[in-house]
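This report looks at a protein chain and a metal site. Please read it with the structure in view.

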Amino acid sequence: MTAADGSPRPIVFRNGLVLTMDDAHTVLEGADVLVVGDRIAEVGVGLAAPDGALEIDASGGIVMPGMVDTHRHLWQTAMRGYGADWSLTQYFVWYYLEWGKIFRPEDIHAGNLLGAVEALDAGVTTTVDWSHGLRSVDHADAAVDALEAVPGRWVLGYGNIQDGPWNWSTAPEFGDFYRRRIDGKGDRLGFQMAFDVTGDPAFPERAAFEVARDLDVAVSTHSGVWGATGDDSIRLIHDNGFANRKTIYVHSATLSADSYHRIAASGGSVSVSTESEQSAGQGYPPTWTLRKYGIPVSLSMDTSVWWSGDLFSAMRTTLSADRSREHLEAHAKSETVTHHALRAEQVVDWATRGGAKALGMDHLVGSLEKGKKADVVLIKNDASPAMFPVLNPYGHVVFQAQRGDVHTVVVDGRVVKADGRLVDGDTLATAKQEVAGTIEFLQSNLGDAWRSGMNPDVPETKVLDNPYQYTDFASGSTHGQE
Ligand SMILES: [Zn+2]
């Protein structure tokens, strides 16, 4: 898909339903999106395209900005689905205490490669790799090697759950790594520091925040996680002057009004991972609360060791969880919700523009506007009954479409998925091979713990006595009323 001089060929999406996600949320029917070089050259109806432009028929489809995931532990993709039945405690025991420390650099590479390919395939063009398995710089190099092998837009969130952030962030090799692998790499490889604040009154995390300040990079932190990080963490970050517009608070599901006020006042944002919060128990998915405090929201998938890795799932669960809570709150007051406050349109914004804003990349990506970087997704699947009719485009994206409907993905002006298939199938093949090696390594090291780790004990539950059943005293059993 490149011209003879190596620059990407101009691309024009023709005759689509275009969700620009600009400030006015302009929606254009039967419209074109023209990409020249790495930028969006024009959005409008009946555009003239340069000679030799790649024409993509977007009729019957929805053209939207590439989606942005602000918190994903890509390295854990190597264990896709393994922890489907875990609690958060079981996750912590598995990764933080028992087995996270055996992951080798090649295992980080394997998970990152598969997860990165998966993100592009699902139309997620920018992903924060919240990479907290970097127990050495070799691991970090492996993480970046994998990200650089996949033509998406990445932000490495450097972390290491095996050591205190005040240790790893102040080691000379950390600064060396930043200068060697990240600094000056442009807008396809960004950087954050990813660590949690325990609430220890001594605030040992201060040193790591100071490093972030010196490097002028964002800190992303799991906060408002029931039983792990709470109001003390937010207060320490804020009182010590480290809460700022770049700070991303992941989950923030169980916090006091005071903490939400501190986040809002300092300009921070919250990365909501609804599938995660619903299943792991950080707290109720918080958008219904964040909206009250005016806190900006972005969406994220957290980890494929439990859940899915695409933002269609994030949008759907987030809108549903928000409405579910609104109903419950109303019912508790004997009221009925007659009009929904949160709309599909807002959730699509969170999945695109909201993520770009949270990452300070709003001037580059997150909307389809002239001059922005060309990260474009076409959702179109003529073979799917669910892709017709398209009447309410935002509603369609949130409740009807899914990752299999992602027809074309463009990142930085280059086509990475065309006609429903990844352009570079070789990287996927490599990723599969590497992940198979990691699974073999883990199985041989864990032995019996491999199977038991995947199948935690089920607590005993008793079916309640039912007053509408007759007791058969002779046999001691009960029968339902017939
Ligand atoms: Zn997380």
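## Core, pocket and zinc site

In this predicted model, Phe 191 touches Val 155, Leu 156, Tyr 158, Phe 174, Phe 177, Tyr 178, Ile 182, Val 217 and Ala 218, leaving aside residues up to four places away in sequence. Phe 191 belongs to the largest nonpolar core, which has 106 residues. Along with Tyr 158, Met 193, Leu 299 and Met 315, Phe 191 touches the most other members of that core. Helix α2 (residues 105-121) gives the most to this core, namely 8 residues. Another core lies apart from it and has 18 residues, among them Ala 31, Val 33, Ile 40 and Ala 58. In soluble globular proteins, nonpolar side chains tend to be buried together.

Phe 191 also lines the largest pocket, where Phe 191, Lys 246, Leu 359, Gly 360 and Met 361 lie nearest the centre. The pocket has a volume of about 690 Å³, and 31 residues line it.

| Element | Residues |
|---|---|
| β8 | 153-158 |
| α5 | 172-182 |
| β9 | 189-194 |
| α12 | 344-358 |

Strand β9 gives the most to this lining, with 4 residues.

The zinc ion has protein donors from His 71 (NE2), His 73 (NE2), His 222 (NE2) and Asp 302 (OD), at 2.1 to 2.5 Å. His 73, in the loop between β6 (67-72) and α1 (88-99), and His 222, in strand β10 (residues 218-223), are 149 residues apart and link distant parts of the chain. Both His 73 and His 222 are buried. The angles among the 4 donor atoms run from 80 to 172°, and the site is irregular.

How values were computed:
Residues numbered from 1 in each chain as written. Predicted model: local features only at pLDDT ≥ 70, side-chain atom pairs only at ≥ 80, totals over all residues. Heavy atoms only, no water. Donors = N, O, S within 2.8 Å, 3.2 Å for Na, K, Ca; no water. Tetrahedral: all angles 85-135°; square planar, octahedral: opposite > 155°, others 65-115°. Helix = DSSP H or I, 4+ residues; strand = E, 2+ residues; numbered from the N terminus. Buried < 20%, exposed > 50% of the residue type's maximum accessible area, 1.4 Å probe, protein only. Core = buried A, V, L, I, M, F, W, Y, C linked by side-chain atoms within 4.5 Å. Contact = heavy atoms within 4.5 Å. 1 Å grid on protein atoms, 1.4 Å probe; cavity = no way out; pocket = protein on both sides within 12 Å on 5 of 7 lines; lining within 4 Å. Points joined across faces, edges and corners; volume = space filled by probe spheres on them.
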